[in-house]
Amino acid sequence: MRRSLFSRSSLGGMFAIAIAGSSAACGSSTPAGPTCSPGAAGVDTGGDFAPSLDAYCMVHVADGQVVPNAAATPYDVNTPLFSDYAVKYRTVWLPPGTSVAYVADDRFEFPVGTVITKSFGFPADLRVANAPVRWLETRVLIRSAAGWVGSSYPWDDAQKSAQPSAGGAIVTFSFIDAGGKTQTPNYLVPSQAQCRKCHANDGAMITLGPSAAQLNRDFAYASGAENQLAHWARVGLLSGAPTPAAAPKLAVWDDPATGDTTARARAYLQANCKYCHNGNGEARTTGLVLSNTEADPYTLGVCKPPVAAGKAAANEHYDIVPGQPGQSILLYRMQSTAPSIMMPELGRSLEHAEAAQLVSDWIAGLSGTCGAP
Amino acid sequence: MRDSCARLSYSLGRRLVNGPAGRLARPDKLLAELDLTTGPFELGRAGGPPFAAAAPSPAARPLVYTLEMAFIGSLPPLPGGMPPGARTRRLAGGFACLLGVVATGCSSSSPSAPATASPIGSSSPLCKGAGRCVSIAANAPETAIAGAFAGVKDGDTLAFAPGTYEFDNQLALGAANGVTILGAGQGKTILDFHGQKQGDDALYAQSVRDLTFQDFTVQDSPGNASKALGVTGLTFRSVEVKWTSKDSKSHGAYGLYPVQSENVLIEQCAISGASDSGIYVGQSQQIVVRNNEAFANVAGIEIENSFFADVYGNDSHDNTAGILVFDLPGLTQEGGHDIRVHQNVIKSNDTENFAAAGDIVSLVPGGTGFFVMANHDVEVFDNMIIGNKDSGAGIISYALAQMAFTDASYYEWPSKIYLHDNTFMTNGTMPDLAADIGLVLATGTSVYPGGNVPDVLWDGIADPALPAGPNPMQICIHEPTASGVCNMHFDQLDTNAPDESKLVVCDPAPFDCTLPPLAPVTFPGLKP
C-alpha cells in the first residue's frame, strides 16, 4: 500500500517538488494579481523560465480546481493524451493584437509570445463527481522568438505556489480509479529535456494538442457554452476560421456518439501516438505512422514487422495483425507497463485499459491476413 | 528570502559529499524544533531558527546534518516500507534549488560555499578544454543531475565524479551543441538504471551536434542503455554498457544506439548482455566503429540501414552473432551501402539466441560469425572468424526473414559484396537447430566439405529482374582459408522438407572476382 495523495504523508512523494519551491526565493518573483499580464513575464528569455508560475499570470488553484486568470482562455480537446488518468486543464494566451491563422489539417501555428499551460492533477477518487483535485504540475509552453520552450511547474502541497523543475521527478501516490480500484502510478513530471521527447519535431519543439479537429467542440465558458473554434474566432484568437460545421472534428475516443470504433480508435492513436509516430517525430525511425489520416495500411502497422522494438516485439511478428488483437504488437505495447515495452514510452505508467479495449475492438474488426511469418 | 535557497543547498550538499552516514544523529531533538505539518517548503524560509545556524561555517555543519536526518525521520513510516528511491527524491529538491541559484545568478549569496561541496558544481579535474564545466558529485541526487542535463549549454562538459548514480527516470539531454558527458572511467563512474521507471532509453539525446559520451559505465537499463537520435558528430569513447542480471531475456535491447545520426564514432567501448545488439547503428551515415569489445549480446555489432560505415579492430565474441550488416524494409533510410568490416576478431559467437521471437535478430542462429543481409557495396576483409559453430560468414537476402513487406523502394538482395583475406577456423561445427536457418543448414552436413557448414555461404536468392547466371549479385570471394564457398540455393528450398544435401553447391569459381576496394570512412574531426 502506498500513500494516499491527500494524507499528510503524501509529503514524501511530493517532497522534492516542495523543496524545489525554495528556488523561488532566489529570483525576483512577479506577484500574481488582478492586473498581471502573461506578457509581463517576458516570454522571450532564451529558454529561461520565470521562477514562479504566477509570473505567467495564466492559472492559479482555488478549492481544488485550476482557475484561469482573466487573460487566459481555457480550452479542451476532443481526444486527450492519456497521462495515468490525470485530470487536465488547459489554457492559452496570445499577445494582444495577434491571432492564429486557421489551418484545417495541421496543428495551429501560434504567434511569438504565446503561452500555453496544461495542468495535471488527480482527485482522490475518480468515481466522485467534481471532487477537489490535487494538482501535481502545470506544464508551460512558451513560444519564444527562437521556438517553443517548455517546463513543468510542480505545485506545492498547499497548492499556492509552483516553481519550474529542470530535472523533473517521478512521483508515486495512490488514487481510486473509475472502477473502484486503487491505482499507484509512477507519475512522470518530465525534465525540461524530456519535453523534447514528445514535442520535438525534427528537433524543433511544437505544440501537440491545439488543432482544428481537436478544438472543434463545445466548452463551458463562464459566459456559457460555445464551440471553441467559434469562440476563438469571436474573441480574436483565431483568424480565417470557417464555421465549426465546416471544420474537421476529431472523434471523442470514449463517446460512441462521435464516431464508430474505427474513428475513435484512430482518434486515440492520433492523440496518443502520432506526436512521435509521424514522418518527423521521435519515431520517424520506425516507419510506423499512426496519424488518423494515414491511408497506407502497412505504414499504419498492418502486417508491418517492428524494427527496433527489441523485446517489445514479444513473440509476435507484426504491429497489427488484422482480426488478431492478441497477435498485434501495437496493442501489446499499449497494455504493457514495462518501461522497455510500453507505448507511449513516456508519461504513462498505468495501462489505459479502456483505450486498449477500443483499439483491440478496432483490430478485431480489420479484415485480411499477414501470411505466415 | 534571497539566500535561503543557497544555504539549504549548501548544507545538504555538504552532507552528501562529506557527511558520513554515521554522523547523522539525534533526529528526535530537532524534530521538536521544526514545524513539519506545514510541509518541507517551510524549511527553506530564511531567518527561521533551524537555518539561522545553517550558515556555512564549520560550527554549523553538525546541526545541518542532524537537521536533515530529522527531515527524513519526521515522516510517518509508510505501510509496507519506504518505496525504493524515496529518500533520494526527498533530498533532490535541495539540489534543484541549487541549480536555480546558479541559473538566476544569485549564487553570490553563498560565497563561502566551496564548489567541490556542491552536488552540482563548476569545477572537476575531469574537465578539460574551454567550455563550461558542470561537475556532478557522487551521490548527487537524480533531480539535480537531470536538471543539469536539461539545462546544458553549448560547449559544456558534464563531469561525473567516481561513484554509482542510481536513476528512476530516463536521463535526457537538453538541446545544446558541443557537449561532453564525462565520467572518471569505466567501472569508476557507474550510471545505474535498474530502477528506471520511465523511458525506453536510459541516456537520451536528440537533434544536437558534436556530442561525446566518454569514460563511464551504464548498467541495467530496462530498455536501451543509450539512444542518440539525429545527432551530427556523435562519439562514444570508452563507455561500458552491461547488464548484471542472469536473466538475459530481461536485459535491454541496445547498448549504444545511434540512429539517424551522422559522423558517428564508437571506440574503445565494452558492451555486454544486450538482448538485441550491443552496438547498434541504425539509419545513419559516416560511421566508424573501432576497437570495441562486444560480448554476450545477441548481436555484438549491428550496422543497419546505414551508409558509409567502417567497422574495424573490434573484438566481438561470445555473442549469438558477431557482426551483422542488415538492411530492412519500411524505414526512412534504406539501401545500406559502403560498409567496411575489417581486422575484427569474430570469435566463438555461440550464445543461444535470447532475443524476443518477434525481434528481427531472433532469426539469427546462435553461432553466427558474420551476416550481411541486403545492402550493397560491402567489403569484408582481414577478419579472424573463428569458432562460430553455426556458420562463419553468410550473405543473405531479406527473404530469409520470411516476412512480407509492401515497401516498393526496398531492395531485399545483397549485391556487390566482397569478402577477401579473412582467416576462418573451425566454424559451422554445430548449426543452431533452434533457428530456422540453422535447421536448414544442418540438413547438408553429409555433403559439406569436412562435414561442417561452409565458412562462406550465399543463400542463392537473386534478384529475379537480373539476368540469370552463376553470380548475378556480384558477390566476390577470395578466401583461401575458408572450408567452403557455397551457394546454398535457398531459392530452390522446399520449406516443408528442406534438404541442403541436395541443393548446396560448393564451388568458389562463380565468385572468383574482385571489386574495387571501398574508401575508408572519414569525417571532420575523425582521428586515424
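This is a predicted model: local features need pLDDT of at least 70, side-chain atom pairs count only at pLDDT 80 or more; totals for chains, interfaces and linings use all residues.
**Ground rules.** I number residues from 1 along each chain as its sequence is written, letter chains from A and number ligands from 1 in the order in which they are written.

**Entry: Thr207(A).** I found Thr207(A) in the loop between β14 (204-205) and α3 (212-215) of chain A. Helices (H or I, at least four residues) and strands (E, at least two) are DSSP runs, numbered from the N terminus. The relative accessible area of Thr207(A) is 3%, so I noted this residue as buried. Buried means under 20% relative accessible area, exposed over 50%, and partly exposed in between (1.4 Å probe, protein chains only). Leaving aside residues up to four places away in sequence, I listed what Thr207(A) touches: Arg107(A), Phe108(A), Phe110(A), Ile116(A), Leu141(A), Trp148(A) and His199(A). Contact means heavy atoms within 4.5 Å.

**Entry: Asp84(A).** I looked in the loop between β3 (73-75) and β4 (87-93) of chain A, where Asp84(A) lies. Asp84(A) is not a glycine, yet its phi is positive, about 60°. Asp84(A) is buried, at 0% relative accessibility.

**Entry: Asn130(A).** The loop between β6 (115-123) and β7 (133-144) of chain A holds Asn130(A). I noted a positive phi of about 55° for Asn130(A), which is not a glycine. Asn130(A) is exposed, with a relative accessible area of 75%.

**Entry: Pro344(A).** I found a cis peptide bond between Met343(A) and Pro344(A), with omega about -5°. Pro344(A) sits in the loop between α6 (329-335) and α7 (353-364) of chain A.

Note on methods: Side-chain values use heavy atoms; hydrogens and water are left out.
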